Amino acid sequence: MGDIDLRHLRSFLAVAQERSITGAGAVLHLTQQAVSTHVRQLERSLGVVLLVRTSRGVLLTAAGEELAAGGVPVIEDVAHLAERVRAMAHAQAGTLRLACCPAVASLFAVDVADALEKAVPGLRVTLSGARSPKDELQQLSDGRADAAFMWLPVGSIGLHHAVVRSDPRAVVLSTRHPLADRPAVSLADLADDPVLRPDVLTSPEAERFWLADPRPDGSPAPRGSIVPLVEDCLLEVGRGRGIWLPPQPLEAVLPAGNLRWIPVTDAERFDLAVVWTDRAPQPLITRLIAEVRTVTGHDQRLHAA
């Protein structure tokens, strides 16, 4: 038995539907001779008789009825596959919109965008600045961004994420703080210091994580003032009105002034992730994750652990 030619199968299915070779030709915009030829070639490939011509049209044999029943979903599956392939090709040649806070963008986002455009011909990657995680989440929600770089937890239902790097936590202290000269501290050392809370986080879960709440001994983290932005938080820390517990890499991109960034030895690490919605082009998101992990060395560190 030879392979089934989809053109021949479509012609046969049209004949089965119309119960007429002439009618099938009209539906397919083919001549009656072309439809008849397709059906004969299909019968030859399968080694069976599929239909019988009569003065009142055509009748399907038992084999023909079986092929008519099973052939329709085959054609539909092929059509859906073609749509998915075209959609992937369109996505590969389209635009991927990434939202990120400037601090994250300066860490690696520019390198990732350049690497992704080089790896995927025709792709354009745009970086959209966001003032805060709340702003990133809004860009994802209203469709202005396909994906964002965000430290977990985000806490929003309906989002997907993949971790691309893991960062240690630091405490930001005023240079006048009693612990300012220590090379490292523990959360127990900070038990009495109120933790300032910039109003930029996306959920109560995220706020608790940034507060390191609860502490390792089960006690609640002392809550400091709520301030509008991270910059305001740093100003308040500099004035000795509290501390902050951010990811250590932010030290490289935020102004130091009269501040000290000190490692916290027993605080849970921050996971930085690519976050995306169901609307995002999945093939490009997959490629994005791979490129980010290459830039950050995330996979290598996992294997070495």
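**Exercise 1. Determine how the axes of helix H1 and helix H2 are placed relative to each other, and which residues make the contact.**

*Solution.* In this predicted model, local features need pLDDT of at least 70, side-chain atom pairs count only at pLDDT 80 or more, and totals for chains, interfaces and linings use all residues. Residues are numbered from 1 along each chain as its sequence is written, and side-chain values use heavy atoms, with hydrogens and water left out.

Step 1. Helices (H or I, at least four residues) and strands (E, at least two) are DSSP runs numbered from the N terminus. H1 spans residues 6-18 and H2 residues 21-28; their axes come within 8 Å and cross at roughly 120°. H1 is therefore oblique to H2 (under 35 degrees is roughly parallel, over 145 roughly antiparallel, 65 to 115 roughly perpendicular, the rest oblique).

Step 2. The residues in contact (heavy atoms within 4.5 Å) are Arg10, Ser11, Ala14, Val15 and Glu18 from H1, with Ile21, Gly23, Ala24, Val27 and Leu28 from H2. Classified by type, the contact has six nonpolar, two polar and two charged residues.

**Exercise 2. Describe the secondary structure of the stretch that UniProt annotates at residues 4-61.**

*Solution.* Step 1. The unreviewed UniProt entry places "domain: HTH lysR-type" there, at residues 4-61.

Step 1. Over residues 4-61 the chain is 62% helix and 14% strand, and the end C-alpha atoms lie 18 Å apart.

Note on methods: Axes are lines fitted to C-alpha atoms, for helices over the stretch in contact, and angles run from 0 to 180 degrees between N-to-C directions. Ala, Val, Leu, Ile, Met, Phe, Trp, Tyr, Cys and Pro count as nonpolar, Asp, Glu, Lys and Arg as charged, and the others, Gly among them, as polar. UniProt positions are given in the numbering used here, feature names are shortened, and annotations may be inferred rather than shown by experiment.
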